[in-house]
Structures are given as C-alpha cells and as structure tokens.
Amino acid sequence: MEDFKKIWQRNCSSSSSNAKDVIRPLVEDNCSEFVLAHARRELRPARQFTEVCLLPHILERMRKLGLDKLLRLQSYTWPHLAGGAEQGAMIVGASGSGRTLAYMPPVCHAVFKAITESMSQLKDLEPGAWPQGQLGPIALILVPDLGRVRQVSDLCHALLPRAFNEECFTLTLNVPSTKSSEFFLRLLNGVGCLVTTPTQLVWLWQEAPCLRRFSDLQFLVYDDVDLMSADQLEGVQKVLRKIMPLTHSPQVVMVSQSYSSTLMAKLRALNGNPALVIGDIMEAALYGGTRMNVSLVRSSAKVNAVVQLLRQRPPHEYRTVIHCVDDWHMQRLEKALRDQAYNCQPYYQNSNLPALQQVPNSRGVILLCTDNCKELSIRDAHTLIHYSMSDSWSKFKMRHLMLSGNLSNSLAAKANPVKVPLHSLVLLDENNHQELPLLVDFVQLHQEVDPGVVAVAKRIRQEMDKAKSDQQALCSQILVLGKCYDPVCQDRHNVSHLDRRPDHIPASGDVKVQLVKVYSPTHFCVRLLEHMPLQGSWQTLPHPEVQEIRMLHKLEMASTHYWPPVVGAICIYQSTIAKERVRVLAVATIQNVNIVQSDLPVKVQAVDVDTRIFSTTCGLLFQCPESVQREPPLASDLRLLGLVPYTGERSWTEEDGRNVKLMLTQLPKDYFLQSKIQFATAGTLYVRDLVAIVYEDQLDVHLPRLNLAEELVKTTLAKRCEKAANMILNFFGEVFIEKDIGEKEEKDVLEQKLLETKPTIEDASNNQTAKPSVKTKEGAGPKSKKEPIAVLNECFVNCALLQKGDPTSSSRQDSTQAGIDPVNQAQTQSPIPHMVVRPLIYHQNTTTWEFDLYVIGGDYDFGYLNEDSDESEDEDSDESEDEEQNLDDIDR
Ligand SMILES: Nc1ncnc2c1ncn2[C@@H]1O[C@H](COP(=O)(O)OP(=O)(O)OP(=O)(O)O)[C@@H](O)[C@H]1O
C-alpha cells in the first residue's frame, strides 16, 4: 500500500487542497441583487444561515473559509438542492457571481451523508468483505477545462471534512493525464466527487470501456456548461448513457452564464422538480421572451427612431420607459416628444416625492429617466428604449429590472396568463459604438441580430483589438494550438512588432541550451549555450553564469523609481532577494502621470532570471540604464512545435509539467539540451525536438540520452498535431518567419547538392572536418523513423571508439595495412541506422572530444537517406492518418 500511496499522491497532487484557490474575489458588479427563481412550486429562499439545512460541519468549514454571506442566488439554490432526489437546478449568472458555491455546499452535504452511511455499512461487514453495489462517484462534476478542474476540486477538498480513511474512500478525485491503474482502483472503491472535463470523461471511458454504472451517483453537475462545445457535450452524453445508474436519476445541476431553453428541457427530462435560478436580469428578461433590437443611428436621427417605435407600440397599450444618459438629454428628448404630441413624465435627479408617486400610475404616459434614479421601482414596463447607453454594462443590465414583473414562469404547474410581448430597443450612436461588440455577443446568444449590425460590431472589435495589440501577452492557446478556443480570453490574438525576432535570437540551425524552468511539457525557459548555423560550425555563446554575474553587477546601481510605466519597456524589478530586468507587458490605467502611484498594478515578464510572467506594483520597479536595456535577454522561451496535449485538452495540468521536470531531473547533472530550430519569434525558439545530451564518463564523449518529444508521445503526455504546427506558423505569418525559412530552404538545397557530389563516407578519425552523410544498404539499419534511441547510442559509441582509436575497434592503420576499407569495416561492425548522419564536424573542447551530430528524432529531415523505402512510405501514410485524427481532436 505504501507504493500505491506514493503514486497516488503524485497523481492527485494537482488537486491538493488549496484554500487560497477557494476564495477568489466575488465580482460585486456581477452579483446582482436581483434573482429570478422559477420552479413548479414557489421557491422559498433561506433568510439567514441558520435556516440553511446543511450539515453543521459544512457550514462551519464555510464560515472558517470566510464564505459566510448568504447571496441571493445561493439563498434559493441551497434549500432547493438540499431537498434531495428530483431537485435539479439550472443556475444562470455571470462568472464570479457565486454560482459554484450555489451548488457546492448541497453537493458536499449529499456526498458526506452518503459516505457516512456506507462507512457504517462497512463496520458491520466481515473483514475483507465489501459493501454491495458500491461503485464510482457520488457526485460527478463536469467542468470545461483543466484550470477549472483544479478550482472546483480545491473547493470540494476545502468543504469535505477529512474524517475518513482515504485509502478506502476517496473524497475528491481527478482523472490523471496518463493511464493509471490506481485511478481505476480508487474509482471502483468509491469516490465522493469526481471532477473532470468532458474530454477526460470520454478518455476514461475509452480506456476502461467495461466500466460499470456509477450506481451511487446522486449529483451530476455541468459547471460552465455554455463553455463546453457541442462535440464535448455529445461525447459526454454517450458516456453518461453507459454509466448513469439504472435505479434512479441523479439530481442534475447546470451552471451557465446564459439561459438556454434546450438545456432547460434536458434538465426537466431528468429531474421531476427542476428550478431555474437566474442572477442576471438581462438573461432573465430574454428567458421571459423579451425581444431585443440594436439599432445604429446618428444622434441627430435618434428622436425619429424613438417615434417610429412608439407608433408600432403606442404608450397607452405598452407601458414605455426611455433611458437617457443625463437630465440635459432627457429635457431635450421630452421637448421633441411633446412636439410630436406624446405625453411624457421626466424623472429628473432633483424630482421630489409627488413626482415619484405619480410614476407608477403613468399608463399612457412615457416615463423618461436616467441611471441615477435608483429609487424608481418600476417593475411592469413593456417597452424599454435605451436612448443612450449606460456608462457601464452592469447599469445597462439593471435597466431591465423594469421588465421583471412581466416575466412568466415557464416551469409553473399552472399555465400562466398570456403576457404582453416585451421589447427593449438599444439606440447606439457614434459616441457609444464601443459597447456594440459586447451587446451583439450577448443578443446573438439568444436571437438573430441584423447582419449589418454584426458586421459593424466585428469591425469595431478588430479596431479595438488592434489598439491593444501592443499591450497584452500573446494568448497561450495560440502558442500551443495555433488558435484560441476560449471565447472570453483577454490575451492578445494578433501578431505585433513586439513579436519580431531580434538579432540575438538565432533563426535556424541547431542550439545547445541549458534548462532553467519547465512551464509545461512543451514549454521551457532556457539559456543559449551554443549555436550552429545551417552549414556552419558550433559557436560558443557567452557563458550564462558569467553573463548573469555581469548583469547583477550592472543592476546594483539602479535606484531611481521607474515612472510612468510604458508597455514594452525594460526596467528593473526589485524582489526581496535581488534585482532583475523585466519587460512591462500591461499597465493599469494611470489617472495622473504627474503623481507617482507606487501601488499601480503592472504586469511584467522576466527576461534574465527566467521568462515568468507576473504581476507587481510600480513601487518595485526601477529605471534601467539605457546601455543595460540594450543588452540581449539572458533567458528565452523554448517551445516544442506541433505537440499538443494527448488527452485532447487545450492545456496541460501542473502535474504534467512536474512529470516532465522529473524526467529531466533524473538525468545526470551535467546534461544539456540540443535542438533544431524551426523558427523564432521575439524571445521564443520553436523547435521540433529536444534531446538531452549527457557526458559518458567511460567513453569520454557526449551522447544523447533522452529525446523529449518522443518520450512525451510514448508516455501519452502529448501527441503530434501538424495542423496545430501549421496554424502556429500561419499565425506568426510570413512577416516574421518567411526570411528565416527562405534562408533555411536555400541552405537545404545547397546541402542536398553537396551530398550528391561528395563521396558517401570518409574516415572520421583521419581528418576532423565536415563529413557528408552516409547511405546505408537497405536493411542494414533500422528502417523506422521512430528508431529507439538505444540503437543510435550504440552507433555513436562505435563512432566514438573508432575516433579514439580504441584497440577493440578496427584501427584505420591496421585495416589499411590489411587492405580493408576502414569505413566498410566500421559499417560491418555497426550498422548505421537510416536516420543517422555521420558527424559533420568533430571538435574538441576543454574536457572532452565531442561529437556534433545531427540527431535524433524522427522529425529531423533525413528524407534523402531513405527516400526509396516503401516501408517509410507506409509509415508516412499511417502518420498522416494519425494527424487527421489529431486535427479532429483539436477542432473539437
Ligand atoms: N456565500 C458566500 N460568502 C462569501 N463569499 C462568497 C460566497 N459565495 C461566493 N463567494 C466569493 O465569491 C467568489 C466567487 O464565487 P464562485 O466561485 O461561487 O463564483 P462563480 O460564479 O462560480 O465564479 P467563476 O465562474 O469565476 O468560478 C468565491 O471565491 C468567494 O470568494
């Protein structure tokens, strides 16, 4: 059990309880005081914590974590979900409005109760016996991505008391990235909450198709269901059909930012008493059938647009409210409408009590108001006209509270009386066009929008993106997958001059690097040690450690605070330990540049120590002397091009990164990494492969020990995806890489020509100059591009022995004397695999003879060595099938 425990801890470490992640800021703007709660019967909200029927220790844990407010959304969902079987819910609200906590306490309550019952059953059993029917999780929580897996798991961990022996029963379980028998063992033994992405669930089923039904499942939660793709949901449905219990239907919870009638129908089909709890008034308005129109009009034509709508929906039939930006606009509109014979009741900021009392009885009278009149409690309007937009999205949403009295309950047992159709017209003019993209996104989720308006919104968004193109770090999904799949991603999605490769970053050829940090299985921070340009020889670059000491010395002097921070500039960050150079990535809005704000939030990226991105404040930034700013960064990012997460997720887990780090830390101390550059952008080298080279004491040579890309594929951490690679290349586009690739192609042709004209092989020990490649006889060496590294090792060892004149190998002199061609002799002793190119250059450094080899993995361009091979063609076709599969996976 000891080993099992260790492995298990490693597998599960990503989900270790982290109370910090449980408490994230409650976004006040998103937390509307309004809640629409519909069900068959009237829902009774809890008025205070003591009324909430949850286990005392869950409430106690919440209190300890500071989760001690009774938010309106939660005051409805907690009592409803804690009611037991058939009580499902659809929870709609903005992100950060307390939606996760709206379902989590009742879920943990059910889990804890179920575990306690099964434990008491266990006590009565004979030693070694197992309770009947015990299988799988009590709650299955599906979330859209791995980041969310971690957050939700942390919350489960924090709320579930650790009162049980986790060897028997796992409280919170995540699906590991690689196959693990322990995971299935845990699953079989019983789990409290299984938190997984749809892709992981499908993978789980594929790995264990004989998995039995989750007979104890009591809760099925789709968290952020609107962020799951149609394919993901379809995949999940297929699996759920196989694993859902046959005896009962679990309570289903769906959490979403927007209301969906299709999902609501599914929920109703699964649960007898579903509730709809919406904490967003605009979503509620659209659920209630409100029709929204967005019109782009010049400010001079706005009155006409209002009059047109009033003709279609006369105020004496439809109670009408018009929102203006301020009293001045309201006054002008009132005059214009009175001129058109409309009866208006303006509610100015200084309006008195009698005016307020008149307002609710104003049928046939148009009510004019601004966002500043919170005391107006109109709830039964039929037509809302937004003559001007609000100065914030949340205020604009709250205007729809005026429609809330007319929203009918679609779940009610008794049919509602037919209601008057509701209408909300937004008039956008040239002054507030920036809100258009957001508004169009929102309305498009629920209804069709005029294509003309959509096109304008798209153009405005592109312009806005362009304007901020210099301000954001590039989206990490683009850097791995070539495309961003996150609809609310705030990072930059277009290339800018900031991405251009500076001269000190090599554009092609091979590099030897020193590893600084592992960010993910395919993303590393490195320092360049040596560079070999195409057709060139290794050039040693200034030693990183020496550089670092030099840099530290230069930074010592800096003492002037850096103000105002400018995006893209290099400055000095003073941590508690040392000073280091950083590049400014983003700066919060500066109110007044003449006043130094030391608490101004700034996002920066380290350039020397490593390449981490972090947030700090201006008070910790100092001016960097110009000469030091110009010094090339000591650290670079290195990414493996075209390798994507094996699981089909869009990112790796922290645990995946740790596993790769572990692989690399198991290498002997003095290893370095060698790689062939595909292309480079500012600060990032994209490489196809990464080979760890270690020094072999006994042979006195450096030999390749680990091909990381192959290892990632072998251990099912990653898979090759040419589509992703091409998308990344396309993204960075010709502007940045055409020149580099052009150079490379030119040199490749040259190299090819050279190969054709030179003899096949020469004795390496004879003269230490560049050697052309070898063409082996068919069948003499391994044929597969994916030849095990061991074969290559053997070959290199033989080459080394040959070079060193090892008595056990054939010495050139002897063989010449014997009239044997030394090269052919070497070949007979050690068949050289197809993909091995004899060293171009041998050179000596201070410690050892060193091979400079074209190594190693299948992706090095050795095509000319086995171009006639039928088998390689077959293999290629297999690979292209794999790629097709990868493309599909990624598209999903
Ligand atoms: N009842 C509560 N009392 C105190 N704080 C709360 C309560 N509910 C939520 N919060 C705070 O609000 C934060 C966000 O809550 P929650 O994670 O439930 O929101 P969410 O809508 O699911 O947001 P997201 O989609 O971003 O995860 C929590 O981290 C917590 O700090």
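**Entry 1: the chain as a whole.** I began with burial: of the 892 residues of the protein chain, 40% count as buried. A residue is buried if 20 or more other C-beta atoms lie within 10 Å of its own, exposed if 12 or fewer, and partly exposed in between, with C-beta atoms placed from the backbone. I note that this is a predicted model, in which local features need pLDDT of at least 70, side-chain atom pairs count only at pLDDT 80 or more, and totals for chains, interfaces and linings use all residues. Residues are numbered from 1 along each chain as its sequence is written.

I then looked up the secondary structure of the protein chain and found 27 helices and 31 strands. Helices (H or I, at least four residues) and strands (E, at least two) are DSSP runs, numbered from the N terminus. Among contacts in the protein chain with a separation of 6 or more, 72% join residues 24 or more positions apart; two residues are in contact if their C-beta atoms, placed from the backbone, lie within 7 Å.

**Entry 2: the ligand shell.** I found 16 residues around the ligand, of which Leu26, Lys69, Arg99, Thr100 and Leu101 come nearest. A residue counts as near if its C-beta atom, placed from the backbone, lies within 6 Å of the molecule. By class, I recorded five nonpolar, seven polar and four charged residues in the shell. Ala, Val, Leu, Ile, Met, Phe, Trp, Tyr, Cys and Pro count as nonpolar, Asp, Glu, Lys and Arg as charged, and the others, Gly among them, as polar.

**Entry 3: helix H6.** I took H6, residues 146-159, whose 14 residues reach 20 Å from first C-alpha to last, close to the expected 20 Å. The expected span is 1.5 Å times one less than the number of residues. Because 11 of its 14 residues are buried, H6 is largely enclosed by the rest of the structure. The buried residues include Leu146, Arg150, Asp154 and His157.

**Entry 4: strand pairing.** Two strands pair if DSSP finds at least two bridges between them. I traced an open sheet of five strands, in the order S21-S20-S19-S18-S22 with antiparallel pairing. Its edge strands, S21 (613-617) and S22 (621-622), each pair on one side only. Within this sheet, five bridges join S18 (residues 570-574) to S19 (residues 579-587), and tyrosine 573 has glutamate 580 in S19 as its bridge partner.

I also followed S15 (residues 510-520), which runs antiparallel to S16 (residues 523-532) over nine bridges. The two form a hairpin with two residues between them. S15 pairs in the antiparallel sense with S25 (residues 672-681) as well, over four bridges; there valine 513 stands opposite leucine 673.
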